[in-house]
Structures are given as C-alpha cells and as structure tokens.
Amino acid sequence: ASSPVEYILMAVPPDYDPKRLYPLAFLLHPETGDPEASKPEPFVGVWAEPLNKRGWIVASPKVPMYDNEQSMGPLQESLRRVLKAYRIDERRMVILGHNAGGIMGWRLATQTPKLWAGVMTLSAEIHDSDRGALKSLAGKQAYIFRGEKDTYYTAAMLKADQRYLDHAGVKLTVFEKPGWNNAFPTPDVEALAAWVDGVYPPGGWKEKADAVQKAIAEKAFGDAGRALATLAGDLK
C-alpha cells in the first residue's frame with residue numbers, strides 16, 4: 001500500500017466471483033504498546049470466517065499510527081486500492097474499529113459519510129472534534145460495544161456518545177458485555193458479524209432488493225423488471 005500504510009491484509013470468500021458484488025468490512029486495528037496486537041493479523045483472523053461465510057470481503061490496512069487528519073488520506077487511498085482490485089458493493093461498506101482504530105473509525109465515517117452504510121466500534125469513544133459532524137450519518141446504522149469492566153472507555157463516555165448519536169439521528173445498537181474489559185470480544189463475534197450482515201443503506205433499499213430476488217425466484221419476470229427499475233432509481 002501507499003506509505004505510511006505498510007500493506008492491506010485481505011480476507012476474501014473462497015468462492016469469490018468477479019462477476020458478483022461483495023459488501024466490504026473495512027477494519028481499523030488497535031494501536032497498543034504490543035506490536036503483535038497493533039496490526040491487522042489478529043483482528044482479521046477473528047473476523048474473516050464469520051464475515052467471509054456471509055459473503056463479505058474484509059480489508060484491513062496496517063497503519064503505524066493513527067494521526068487524525070494525517071491518517072485520512074492514506075486510509076482513503078487504501079480503500080481506493082481495494083475497490084480497484086475487487087468487485088465491491090459500494091453501498092454496503094462498513095467500518096469496524098477496535099480501541100484506537102475505533103476512534104479513527106468515527107473520524108473516517110464523519111469525514112467521508114457518503115462512503116459508509118454503517119459503523120461498528122469496540123471500546124472506542126467518539127472524539128470531541130467529531131461529535132459535531134455526526135449529523136452527517138443520520139439514518140445510518142451504528143453499533144457500539146463496551147465491556148462492563150473497561151476502564152478506558154467508561155460507562156459515562158458511552159452514555160455521552162449515545163446522546164450525541166441519538167441527537168444526530170443515527171440508528172444505534174449498544175451492547176455492554178458483563179464482566180468484560182477492553183479486549184476484543186471473540187466469544188461474541190458471530191453475533192457481531194450477524195449485525196454487520198444486516199447493514200444496508202437507508203431508504204428502503206434492502207426491501208427493494210429483496211423484492212427483486214423474490215420475483216426472480218418465483219419466475220415472475222414482469223414483476224422482477226418493475227422491481228429492478230425501482231431499485232435502479234433508488235441507486236441513482
């Protein structure tokens with residue numbers, strides 16, 4: 001990848017077909033004092049199987065550090081490289097960020113809101129400087145995970161973030177895991193992946209897409225054509 005991003009670690013469904021479109025999970029790994037934990041490998045390793053089997057592509061750039069505005073351009077360039085290399089459904093791209101990666105995830109989402117259908121952050125606050133821009137995510141979906149024993153992302157921080165997101169009109173899901181700290185919640189990854197798989201653009205897009213699939217399955221091709229035309233109008 002382009003410097004300072006070292007590389008982009010990918011996890012692609014084994015039956016990948018370039019004739020299809022795939023939703024994308026864009027993972028921002030943590031930054032800690034442990035070099036082995038501050039890279040995509042363990043993060044992608046947890047997410048790959050539950051998301052790949054649901055038809056998602058996973059991409060995670062290796063970032064030496066998150067530096068707010070200085071990180072924005074390299075992350076966007078990493079995304080452009082993924083979009084060039086793979087067939088991505090650009091209306092179903094979700095940011096997944098853990099700890100510092102989650103804080104950067106809110107920055108990336110609020111600065112480039114048209115790119116993302118949803119955001120999931122784990123043990124990560126919304127920085128003060130990003131709260132005013134949350135209204136740009138109105139109608140979109142977000143998920144916040146917090147461990148009950150997390151002493152960094154406190155319960156008070158979570159409540160404040162909830163108020164800002166609710167005020168901005170973001171469709172928020174919150175999970176506070178009893179007895180958990182700020183580690184990645186590996187036991188809950190299937191449930192988290194199920195939420196990601198349920199993220200669609202706002203505006204009834206999923207219902208319209210489902211109507212097309214239903215008509216095709218029933219060989220009602222006239223209905224399918226009309227439903228497809230409706231969906232195409234929405235995509236514009």
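In this predicted model, strand β5 (residues 118–122) and strand β6 (residues 141–147) run parallel and are joined by five bridges, where strands are DSSP runs of E with at least two residues and helices are runs of H or I with at least four, both numbered from the N terminus. Within this pairing, which requires that DSSP finds at least two bridges between two strands, F145 in β6 is the bridge partner of L122.

Both strands belong to an open sheet of seven strands with mixed pairing, in the order β1-β3-β2-β4-β5-β6-β7. The edges are formed by β1 (8–11) and β7 (171–177), each of which pairs on one side only, and the twist from one strand to the next averages 15°.

Helix α1 (residues 40–52) lies across β1, β2 (22–28), β3 (57–61), β4 (88–98) and β5, and runs at about 170° to β3; such angles, from 0 to 180 degrees, are taken between N-to-C directions of lines fitted to C-alpha atoms, for helices over the stretch in contact. Helix α5 (residues 155–168) also packs on the sheet, where it touches β6 and β7 and makes about 170° with the direction of β7, contact being defined by heavy atoms within 4.5 Å.

In the loop between β3 and α2 (69–85) is K62, which is buried, with a relative accessible area of 12%; buried denotes under 20% relative accessible area, with a 1.4 Å probe and protein chains only. When residues up to four places away in sequence are not counted, K62 touches P4, V5, E6, Y7, H29, S38, K39 and P40.

Residues are numbered from 1 along each chain as its sequence is written, and side-chain values use heavy atoms, with hydrogens and water left out. Local features need pLDDT of at least 70 and side-chain atom pairs count only at pLDDT 80 or more, whereas totals for chains, interfaces and linings use all residues.

Technical notes: Buried < 20%, exposed > 50% of the residue type's maximum accessible area, 1.4 Å probe, protein only.
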